[in-house]
Amino acid sequence: MKIVSIETTPLLCKFKQPYHWAQGVSYGAPVILIRIKTDKGITGIGESSASPDCPTLLSILEDAIPSFIGQSVFDGNRLIWNYYRDGFNARGTGSASRFFSQAMTGIELALWDAIGKSTDLPLHKLLGGQTRDTVSYFGFIQGDTAEELASHAKSLVEQGFGVFYLKIGRGDDLDEEITAAVRRAIGNRRLRLDANEAWDMLRARRMFERLKPYDPEFVEQPVPGRLGAEGLARLRAMTDIPIAADQTIYSPEDVYDICRSRSADVIVMGLHETCGVVRFRKAAAVAEAAGLNVCLHGIFETGITTCASNQVAATLGNMDDGNQIMWQLLDEDIVSSPILTPRKGALPIGDKPGLGFELDEAAVARASAAYRSQRRP
Ligand SMILES: [Mg+2]
């Protein structure tokens with residue numbers, strides 16, 4: 001089954017409400033919808049998370065696409081890494097590998113979707129089958145003020161979530177205020193905090209002491225990812241609060257470094273960081289060998305990524321029970337089915353072919369129009 005064309009559609013999927021985190025406030029998710037058309041009439045669909053913006057990722061995709069045309073959808077590994085060699089390293093731009101991963105993940109997901117549709121098998125069957133019946137997710141608390149966050153936390157409790165996740169790194173006093181408010185709202189349920197690289201070492205140590213009374217299950221990426229595994233290892237030696245590694249990790253090699261240096265208690269990563277399904281599973285295997293669990297990382301994404309991630313997570317033995325999804329932040333998802341709202345914090349594993357979703361073409365058109373209307377001249 002040969003690739004006839006690869007279409008890219010930049011989208012802006014607006015958020016329901018402003019998204020508050022350590023790096024500021026975000027109002028929507030830029031993504032690039034990828035459609036791979038084949039000579040058998042099957043279309044595989046994926047998406048690339050397009051941070052910092054769509055034009056940056058589109059330039060990589062437009063450069064890559066010609067090398068995929070006329071090739072087999074079953075040759076993704078060779079095609080992707082040949083392009084890495086010829087399109088990146090050969091031009092001395094190997095430092096752009098993270099952009100490469102974001103762009104290629106969209107193509108890889110679309111290839112898997114086409115393969116699944118052509119074989120009438122869901123992705124998890126193609127990967128060897130599921131190891132669990134459901135994948136579990138945390139309640140992702142949204143809002144700005146302590147009152148808003150506590151109110152949303154209570155509604156997530158009512159929805160049956162058992163693990164909760166709060167963005168901090170927004171200012172020391174505010175961090176303590178919102179953590180205290182959320183702790184009161186959720187009782188003794190599990191609470192995870194994500195500082196998104198906001199602190200230096202000394203500040204992190206100070207904040208750990210301030211936040212300790214609220215019993216965080218872990219604090220995620222307290223210090224900048226550029227400090228690497230060594231930075232997290234130094235911090236971990238200073239506290240008994242568990243540490244999650246997020247922006248330190250983009251590859252199986254990064255996971256190896258974390259494991260080797262014993263610098264985190266859990267690995268947080270997603271398909272768009274690791275360059276898709278194949279490398280995600282390699283990275284997860286490295287963590288498993290070191291006895292560490294992997295927590296799915298959500299970024300600016302739609303239900304397409306949720307469908308793919310949920311199936312991949314179903315195949316792995318060392319997935320965490322409080323994973324992250326972000327489609328629910330969107331004012332309107334571009335996936336019309338399946339239902340991706342967790343029940344009691346869990347999603348079932350779909351059995352539809354490929355990634356297993358139906359695209360809402362009208363929603364795609366609206367997100368495409370939103371992208372065009374906000375585009376800088
Ligand atoms: Mg994080």
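**Exercise 1. Classify Lys212 by its accessibility and describe its salt bridge with Asp240.**

Lys212 has a relative accessibility of 39% and therefore counts as partly exposed, where buried means under 20% relative accessible area, exposed over 50%, and partly exposed in between (1.4 Å probe, protein chains only). The structure is a predicted model, in which local features need pLDDT of at least 70 and side-chain atom pairs count only at pLDDT 80 or more, while totals for chains, interfaces and linings use all residues. Residues are numbered from 1 along each chain as its sequence is written, and side-chain values use heavy atoms, with hydrogens and water left out.

The next step is the partner: Asp240 forms a salt bridge with Lys212, the closest N and O atoms being 3.3 Å apart, and a salt bridge here is a side-chain nitrogen of Lys or Arg within 4 Å of a carboxyl oxygen of Asp or Glu. Asp240 lies in the loop between helix H8 (228-238) and strand S9 (243-245), and Lys212 in the loop between helix H7 (201-211) and strand S8 (218-220), so the pair ties together parts that are 28 residues apart in sequence. Helices (H or I, at least four residues) and strands (E, at least two) are DSSP runs, numbered from the N terminus. Asp240 itself is exposed, with a relative accessible area of 58%.

**Exercise 2. Locate the salt bridge of Arg236 and Asp265 in the chain.**

The side chains of Arg236 and Asp265 meet at 2.7 Å, N to O. Arg236 belongs to helix H8, whereas Asp265 sits in the loop between helix H9 (252-260) and strand S10 (266-269), so that the pair links distant parts of the chain, 29 residues apart. Arg236 is partly exposed at 27% relative accessible area, and Asp265 is partly exposed at 30%. Elsewhere, salt bridges that share partners join Arg190, Arg192, Glu217, Asp320 and Asp321 into one network. The structure holds 21 salt bridges.

**Exercise 3. Describe the interface of domain 1 and domain 2.**

Begin with the division of the protein into domain 1 (3-123 + 360-374) and domain 2 (126-356), whose bounds come from an automatic or database domain assignment. Their C-alpha centres lie 23 Å apart, and 47 residues of domain 1 are in contact (heavy atoms within 4.5 Å) with 50 residues of domain 2.

The two domains bury about 4000 Å² between them, 65% of it on carbon and sulfur atoms, buried area being the accessible area (1.4 Å probe) that two parts lose on being put together, summed over both. In domain 1, Tyr19, His20 and Leu123 lose the most area to domain 2, together 18% of what that side buries.

For the charged pairs, the rule finds one salt bridge across the interface.

**Exercise 4. Trace the surroundings of His20 and Gly143.**

His20, placed in strand S1, counts as buried at 16% relative accessibility. Not counting residues up to four places away in sequence, His20 touches Val25, Gly143, Asp144, Lys167 and Arg170.

Gly143 lies in the loop between strand S5 (139-140) and helix H5 (146-158) and is buried, with a relative accessible area of 5%. Leaving aside neighbours within four places in sequence, the contacts of Gly143 are Gln17, His20, Glu148, Leu149 and Arg170. Gly143 and Tyr19 are 124 residues apart in sequence, yet 7.1 Å apart in space, C-alpha to C-alpha.
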